[in-house]
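Please read each point with the sequence and the model side by side.

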Amino acid sequence: MPAAQNHTPARELPTRRTGFQASGLGIALFSSAVFGLSGSFAKSLLETGWTPGAAVTARLTGAALILALPAAWALKGRWGQLKDNWLIIVLFGLIGVAACQLFYFNAVARLSVGVALLLEYLAPVIIVLWLWAASRRRPRVLTAGGTLLSLAGLVLVLDLTGAVKVDLVGVLWGMAAAVCLAIYFFITAKENDTLPPIVLASGGLMVGAAVMWLAAATGLLPMAFGTADTALGPWTVPWWVSLAGLVVLATVLAYVSGVMAARALGSKVASFVSLTEVLFAVVWAWLLLGELPGAIQLVGGLLIVGGVILVRLDELRSPATASNDGGRVTQVPASPLDHANDVEPVP
């Protein structure tokens, strides 16, 4: 066979790449859609007497068991990778999985799903404010504008005029979830390609589940399950249907499709698409729970998401920049947002 026949014509490469990225975009949107189901499935269980700790523990345990086999296959016998990355797995499990989801579910128990998720998505703004305070280096115009836009959106979401009653404790839980998300970004700011994303996700879920069971056994975490039927939209379904949706759809399928999207689009582009999770979460909560944030809160939500997009655009466009300080050129370290993670700790 002639050598020329073994090569793909150059004109076909852009078409294949475009098709690959298009499919990746579809997968990324699907991942956001199923991730957005978590709040609705969890709240349907919470309304029947489940505690947030019980819902998180059941979710993490079930997902960890399901993902254990594909994670072991992805390692392909390279067990040393676990030893080399044990700290990042433990930190991801403690902060990015257990704490982040527990705080988010506590917020969902007191707030609408959309408002709770919007509060958590303020994490990039918290990072910008922290870096500004710590380094005393004023952020670039686009970052500053995005931060102000998100903070204005927060004021509208909280509806300080009182037209919509917002539970203060729920707001504090939502902000705690945002802090955990910000801490996770700080932890994983350094690029690390030695561990397959599905292994990190599976390991983090295992660590998170173990921590939750330990906290329950010691009495630190209230744990109450229930077997009453749950309400999802016009349907009344057994409790295990909501739990299965929380584990299989909103966790396992969401994580796996998220990894696939990151590989097709690149983790940075995929992280932008993941912002659509807020929209999906609001739609699902409306369809399955009959709850919808007030008009002023929806406007605030758009401002928050818009502000986060501006921050991420500004932070991701230049991982590290040179700074001229009095004739001395110094390298400014990259922000935690410069690296968009393959495994995001979204709820």
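This is a predicted model: local features need pLDDT of at least 70, side-chain atom pairs count only at pLDDT 80 or more; totals for chains, interfaces and linings use all residues.

1. Helix α3 contains a kink of about 40 degrees at A68, shortly before the proline P70. Helix α3 covers residues 52–75, a run of 24 residues. From its first C-alpha to its last, helix α3 reaches 33 Å, which is close to the 34 Å expected at 1.5 Å a residue. Just after the helix, K76 adopts a positive phi of about 55 degrees.

2. The overall composition may be considered next. The secondary structure of the protein chain amounts to 14 helices and 4 strands. The chain has 347 residues, of which 50% count as buried. Among contacts with a separation of 6 or more, 84% are accounted for by residues 24 or more positions apart.

3. How many salt bridges are counted in the model? The count comes to 2. One of them joins E291 and K43, whose closest N and O atoms are 3.1 Å apart. This pair links distant parts of the chain, since E291 lies in the loop between α13 and α14 while K43 lies in helix α2 (residues 38–46), 248 residues apart. E291 counts as buried because its relative accessible area is 15%, under the limit of 20%. K43 is likewise buried, with a relative accessible area of 10%.

4. A salt bridge is also formed by the side chains of D167 and R110, at 3.3 Å from N to O. This pair too links distant parts of the chain: D167 is in the loop between α8 (141–158) and α9 (168–187), and R110 is in the loop between α5 (86–108) and α6 (113–120), 57 residues apart. Are D167 and R110 buried or partly exposed? D167 is partly exposed, with a relative accessible area of 27%. R110 is partly exposed as well, at 44% relative accessibility.

5. T251 is found in helix α11 (residues 239–265). T251 counts as buried because its relative accessibility is 0%. Residues up to four places away in sequence being set aside, T251 touches R59, A63, L205 and L246. T147 lies in helix α8 and is buried at 5% relative accessibility. Apart from its neighbours within four places in sequence, T147 is in contact with V125, V128, L129 and V311.

6. Two further threonines lie in loops. T48 is in the loop between α2 and α3, and it is partly exposed, with a relative accessible area of 25%. Which residues does T48 touch, not counting those up to four places away in sequence? They are A228, D229 and T230. T48 and A228 are 180 residues apart in sequence, yet their C-alpha atoms are 6.3 Å apart in space.

7. T194 lies in the loop between α9 and α10 (197–217). At 45% relative accessibility, T194 counts as partly exposed. T194 touches Q81 and N85, when residues up to four places away in sequence are not counted. The C-alpha atoms of T194 and N85 are separated by 8.3 Å, although these residues are 109 residues apart along the chain.

8. L279, V283, W286, L287, L292 and L298 make a nonpolar surface patch of about 560 Å². Which helix gives the most residues to the nonpolar patch? Helix α13 (residues 277–289) does, with 4 residues. An α-helix has 3.6 residues a turn, so residues three or four places apart point the same way. L298, also a member of the patch, is placed in helix α14 (residues 295–316). L298 is partly exposed because its relative accessible area is 34%, a value between the limits of 20% and 50%.

Terms used. Residues are numbered from 1 along each chain as its sequence is written. Side-chain values use heavy atoms; hydrogens and water are left out. Patches are made of residues with over 30% relative accessible area and no salt bridge: like charges are joined within 9 Å, nonpolar side chains (Val, Leu, Ile, Met, Phe, Trp, Tyr) within 5 Å. Accessible areas come from the Shrake-Rupley method with a 1.4 Å probe; for residues, only the protein chains shown count as cover. A salt bridge is a side-chain nitrogen of Lys or Arg within 4 Å of a carboxyl oxygen of Asp or Glu. Helices (H or I, at least four residues) and strands (E, at least two) are DSSP runs, numbered from the N terminus. Buried means under 20% relative accessible area, exposed over 50%, partly exposed in between (1.4 Å probe, protein chains only). Contact means heavy atoms within 4.5 Å. The expected span of a helix is 1.5 Å times one less than its number of residues. The bend at a residue is the angle between axes fitted to the seven residues ending there and the seven starting there.
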